[in-house]
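The two exercises below are to be worked through with the sequence and the coordinates at hand.

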Amino acid sequence: MRVRPLAAVAAIALLLPLSGCGGGDDSNSSDSRTVERTKVQVVEGLGKNGNFDPAAIYDQFGNGVVTVTSLYSAGGAAALGGRGNAGQGTGFVLDDRGHVLTNAHVITEGQAGSIKEAKEVFVQFADGNEVPAKIVGVDPNSDVGLVKVDPGGLKLVPLRLGHSAAVRVGEPVVAIGSPFGEEQSLSVGVVSATNRTIQALTDFQIGDAIQTDAAINRGNSGGPLLNAGGQVLGINSQIRSSSGGSEGVGFAVPIDTVRRSLDQLRADGKARYGYVGVSSQALYPQLAKKLKLPVQQGALVAAVAKGGPADKAGIKGGGKEIRFQATIVRPGGDVVTRVDGHRITRETDLSDLISRYRPDQSVTLEIYRGGKRRQVKLALGERPNKLPSQ
């Protein structure tokens, strides 16, 4: 089984329309200028009476979904002629200023320490308009990308961001995107699960991902997962597949995670995350009993990165690996149970909680060592794209 990002990336020949710039602004001939106006369509939410109407959602919000084409060769002409790399995915309009949200992997190539932005990006709207876009910023840790187009002369339909914390399993959803380049495609399903973990473009993981059975395929990357009210719950990002196609197991980056990333990308084009420098595994009652620990939940520290914040603060990692049931465990390390008073109850909670902080902020960890509780205060570092040796 493989988890695959959904952008359709390949060495392909793209048949894109070539259009004139319509330019030549003459500062001495102001009478010949025309003013292009941006039309912003404001749409009301749906599902106020608990109804789920995919057709109505598509009619009102579908025009806010766009197709994103990225060219990675040194010159656009080379890619258009089939001699360079190109990729295609999906995005959606955020505001009347021309900001478009998508996945980072739609507008970048590579992973971990070798992520490179596309040389050129183009955005195609539902009405056929296709315009160049500028990359505002990318966040490989949350797989979020932000681009901006000149809004002049365009009809923009901004989508509204919802909240993913309250998403319920069984809740109906729709996905709109460009699978295999087929623009404005709609699929319908439900939220199959929450609190999933998916791989980021870095060596880290994205927590609280939303699993859905709405059909999503390559090219759907960056498109919205919408609830019955037309609000964005997440960005469709990955599929789990043994064949490379949709098998009813898709994943979306939760919109609450996207919001944290988006605020930073808008500010300076970068998203920075706090970093502790440990690898850990979930503690559960049976394992706690086996290891004779005084707590039943938390993050059991398996290893500590040399020279990292945790190492400097004296956090201890585990020892020699053992097998307990179907799990490989490194016993003997500290157990982290709280971050600034917030309890750790799931495997991803430690990294999820730390990701809410920025580098150079300080946090207090509650840990258990040798059966005794203690408080450890440490200054966070900045999360790297690639994990250091431990």
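V138 stands opposite G145 in β11. This is a predicted model, in which local features need pLDDT of at least 70 and side-chain atom pairs count only at pLDDT 80 or more, while totals for chains, interfaces and linings use all residues. Residues are numbered from 1 along each chain as its sequence is written, and side-chain values use heavy atoms, with hydrogens and water left out.

**Exercise 1.** Determine which strands pair with β11, and in which sense.

*Solution.* Strands are DSSP runs of E with at least two residues, numbered from the N terminus, and two of them pair if DSSP finds at least two bridges between them. Strand β10 (residues 130-139) is antiparallel to β11, with 6 bridges; the two form a hairpin with 4 residues between them, and D143 in the turn has a positive phi of about 55 degrees. Strand β6 (residues 99-102) also pairs with β11 in the antiparallel sense, over 4 bridges, and here H99 has K148 as its bridge partner. Of the 6 residues of β11 (residues 144-149), 5 are buried (under 20% relative accessible area, 1.4 Å probe, protein chains only).

**Exercise 2.** Classify the pair formed by the rings of F204 and Y275.

*Solution.* Rings of Phe, Tyr and Trp (its six-membered ring) pair if their centres lie within 6.5 Å, and planes under 30 degrees apart count as stacked, over 60 as edge-to-face and the rest as tilted. The count comes to 1 aromatic pair. Its rings, F204 and Y275, have centres 6.2 Å apart and planes at 90 degrees, so the pair is edge-to-face. F204 lies in the loop between β15 (185-199) and β16 (205-212), and Y275 in strand β20 (residues 274-275), 71 residues apart. Both F204 and Y275 are buried.

Methods
Buried < 20%, exposed > 50% of the residue type's maximum accessible area, 1.4 Å probe, protein only.
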